[in-house]
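Q: I have a model open and a few things to ask about it. Can we go through them one at a time?

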Amino acid sequence: MTTARFIDDSFTGGGHLYGTGDLVRMDAEGVLHFEGRADAQVKIRGHRIELGEVEARLAELPEVRQAVAVLREDAGQGGAQLIGYVVAEKTVDSDAARRQLAAHLPDIMVPQAIVTLSAMPLTPNKKIDRKALPAPTRQSAPTNAAPQAETPAVGSQAAIAQVWSALLGVGDIRGEDNFFALGGHSLLAVQAHRDIKAALGVSALSITDIFRFPTLAGLAAHIDGLGGKTAAPAKTPSAAETPARSETMSKRRLMRAARGRGRGEVTAEGEIRAAVQALFDLPVAVAVTRPGRAYPPLLAGEATPIARAGPRRVAEFTAGRHAAREAMQALGHPPAPVLASADRAPIWPPGLTGSISHCDDWCIAVLARRAEVETLGVDIEDDSPLPADLLTEICLPAEITRLGGADLAAAKRIFCAKEAAYKAQYPATKALFGFDRLEVTLSGDNTTFDARFTQDTEGFSRGNKLPGRIASVAGHLVSGVAIGQIDRKGA
């Protein structure tokens with residue numbers, strides 16, 4: 001938005017009018033009819049974007065000579081989609097290019113597909129004929145695929161894949177794909193748990209199972225063993241049928257991003273760092289990074305967990321690993337790879353312990369020396385209320401009663417507190433459990449909490465409490481828990 005958009009108000013003789021760029025015509029009755037745009041701006045799911053900015057980023061891709069972005073109505077189900085077209089020395093890998101673009105553009109501006117052409121179609125006037133650009137086609141499997149390539153998912157696998165696809169926005173989900181590597185996180189796992197139970201009619205499925213069996217094939221086999229339905233599932237919901245929460249969350253991300261730019265990213269980053277530092281009464285190193293920034297490449301072995309992840313997950317993972325190395329250096333430790341164990345937990349260098357968390361806007365890493373503390377847990381969430389349909393999935397009846405009913409903003413604090421407590425206990429116990437295994441009591445001023453174990457848990461007795469702190473900062477919630485000498489049963 002520039003001063004050129006604001007013109008003198010000739011109607012009142014004072015003030016200014018804002019030029020929207022919309023082209024309209026007025027009929028005889030004075031009604032305005034929209035005819036198009038005076039620029040290359042388009043509207044996608046309620047958001048206006050400049051195609052020129054997308055095209056400029058496409059043109060920066062390696063070996064690309066020419067680039068065009070268009071909004072197509074025929075690109076797939078669920079309405080209009082942004083498609084990129086490039087003329088390049090060789091075929092551009094669409095998925096890899098989208099990951100690169102996601103480092104510089106908001107999600108809404110990353111094309112759903114990138115098509116490589118030998119030349120752009122032209123009009124008789126030698127201008128690019130955007131109407132003649134071909135619709136994207138679904139890529140077939142690579143020719144060097146293993147002979148034992150999988151057959152299309154059926155039964156439980158197909159039903160689970162549909163749920164994952166709706167939640168994660170990822171297609172072509174395979175048996176070996178991992179829910180968390182594709183972009184899942186704890187809150188999405190809760191939604192997946194609820195939707196899978198409904199789709200397959202398997203009430204015995206626990207939230208813990210989503211974490212114990214993170215691959216499509218593994219979870220499907222487990223559900224079949226529980227006696228779940230294996231019949232072909234219902235029709236895959238189109239994007240237009242997907243719950244409105246996806247669009248709401250997308251808009252919230254853009255609003256938070258705009259708010260961050262208004263206050264200054266550097267200021268918000270500093271406020272978050274200070275707030276996280278204040279969560280702990282011991283020497284910790286805190287680093288804050290932002291997904292989408294340009295970071296050095298991941299170190300050897302680090303990228304394995306995100307081999308098939310989408311652009312957002314890759315950006316978050318990369319920012320998190322970079323934050324971890326910043327924290328290492330703050331402790332005087334040389335930067336080292338942070339690999340992931342089979343359960344996705346970070347493997348810290350000898351002598352260090354820590355925790356990484358991310359939301360849509362920020363990644364935080366907190367590290368400490370083992371001599372100071374045994375384990376740490378940290379969490380960051382946006383400060384939007386907990387979705388109402390997840391209240392009973394996250395909160396125990398006693399917690400809801402203490403909240404005075406459906407206080408969804410306070411419920412989000414309970415979720416954030418449980419996440420930090422869970423992350424702190426897991427490295428010591430390796431115990432996977434659901435949200436019902438911790439009962440959180442918030443202080444009157446909502447700045448501290450106790451997370452009490454509701455069952456005996458691999459070294460903790462029922463009733464043991466993990467004290468923690470929680471804070472609201474820069475439109476986000478942050479929470480932290482530190483465990484020193486673990487109170488083991490019988491001690």
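Q: Is glutamate 458 buried or exposed?
A: Glutamate 458 has a relative accessible area of 56%, so it counts as exposed (buried is under 20%, exposed over 50%, partly exposed in between, with a 1.4 Å probe and protein chains only). This is a predicted model, where local features need pLDDT of at least 70, side-chain atom pairs count only at pLDDT 80 or more, and totals for chains, interfaces and linings use all residues. Residues are numbered from 1 along each chain as its sequence is written, and side-chain values use heavy atoms, leaving out hydrogens and water.

Q: Where does glutamate 458 lie?
A: Glutamate 458 is in the loop between β17 (448–453) and β18 (465–473). Helices (H or I, at least four residues) and strands (E, at least two) are DSSP runs, numbered from the N terminus.

Q: And what is phi of glutamate 458?
A: Phi of glutamate 458 is near 40°, which is positive, and the residue is not a glycine.

Q: OK, glutamate 63 next. What is its phi?
A: Glutamate 63 has a phi of about 70°, also a positive value in a residue that is not a glycine. Glutamate 63 sits in the loop between α1 (51–59) and β7 (64–72).

Q: How accessible is glutamate 63?
A: Its relative accessibility is 42%, so glutamate 63 counts as partly exposed.

Q: Changing topic: where is valine 24?
A: Valine 24 is in strand β3 (residues 22–26). With 45% relative accessibility, valine 24 is partly exposed.
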